[in-house]
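Colleague: Please take me through the reading of a model, one feature at a time.

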Amino acid sequence: MPRDEPAAGERDAPESIANFTLLERVLTRANLQRALKQVRQNQGAPGIDGMSVDELPEYLRHHWLEIRAQLVAGRYRPQPVRRVEIPKPDGRKRLLGIPTVLDRFIQQAIAQVVQVQWEPHFHRRSYGFRPQRSAHQAVRQLQADIREGRRWVVDLDVEAFFDRVNHDRLVARLKRHVPDRTLLRLINRYLKAGVRVGEEIEATTRGVPQGGPLSPVLANVMLDELDWELDRRGHRFARYADDCNIVVGSARAGVRVMASVKRFIEGSTRGSQ
């Protein structure tokens, strides 16, 4: 797959790509080469199998046809992620799940297609992990809102939200713009791949695993619901990944907004829609 020419049984991206299933778009040579380039550029530690990023291209040369066949047939099973704890400035720890480099490669290929499907539908005030958007733009948006007289900020920490996301609800939202059952099944398997802690494998029955290439776009898909709810309520806000600031006109309004948004977020982690 990482060769300049397509592997046997692998199609180029022809003019009729619009007629491909989304999984077929994931598996086009151009998309896979872009994904491999990104994974190699990102580097990162090995997953539970110990394979390094530098070893991935050679592994794919020998095994890609078999892996591709499993993906097409819906038989591919992601490996559990490796648990890593990252210290935070406030003394707490952020829990990351490090996928194997093979799964990072497949996740990256999926993420590129899901991103394209969802990008036109994301809210304009969502700035994290999107093309041509940045944290600086989020800050400038808030500064503009503050200049208009909204000088109180509701600072939402939705980090724990990712640990509680209901998988059925997330897949239901994904389906709106990713209408491909085989691809959705594969994404669901990544959500439920499990995590290795020490020598034990723990099941992942809820939450979005943070640490893989697919996580940012899944987080944006899930929190897009919050973005549009804030818009419906007429709030001025800016969200960058799991950091969301809402600017309001008074302390009383801030307390009221914090309470109501907290209820909304807690409700969105339960059940499916």
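Colleague: What radius of gyration would a compact globule of 273 residues have, and what does the chain have?

Modeller: The general rule, over C-alpha atoms, is 2.2 Å times the number of residues to the power 0.38. A compact globule would come out near 19 Å, and the chain has 20 Å, which agrees. The C-alpha atoms fill a box of roughly 65 × 50 × 35 Å along the principal axes.

Colleague: How should I treat the source?

Modeller: This is a predicted model, where local features need pLDDT of at least 70 and side-chain atom pairs pLDDT 80 or more, while totals for chains, interfaces and linings use all residues. Residues are numbered from 1 along each chain as its sequence is written, and side-chain values use heavy atoms, without hydrogens and water.

Colleague: How many of the contacts in the chain link residues 24 or more positions apart?

Modeller: A contact means heavy atoms within 4.5 Å. Of those with a separation of 6 or more, such pairs account for 72%.

Colleague: Is Gln115 buried or exposed?

Modeller: Buried means under 20% relative accessible area, exposed over 50%, and partly exposed in between, with a 1.4 Å probe and protein chains only. Gln115 has 15% relative accessibility, so it counts as buried. Across the chain, buried residues make up 48% of the 273.

Colleague: Which residues does Gln115 touch?

Modeller: Leaving out residues up to four places away in sequence, Gln115 touches Phe122, Phe129, Arg130, Pro131 and Val217.
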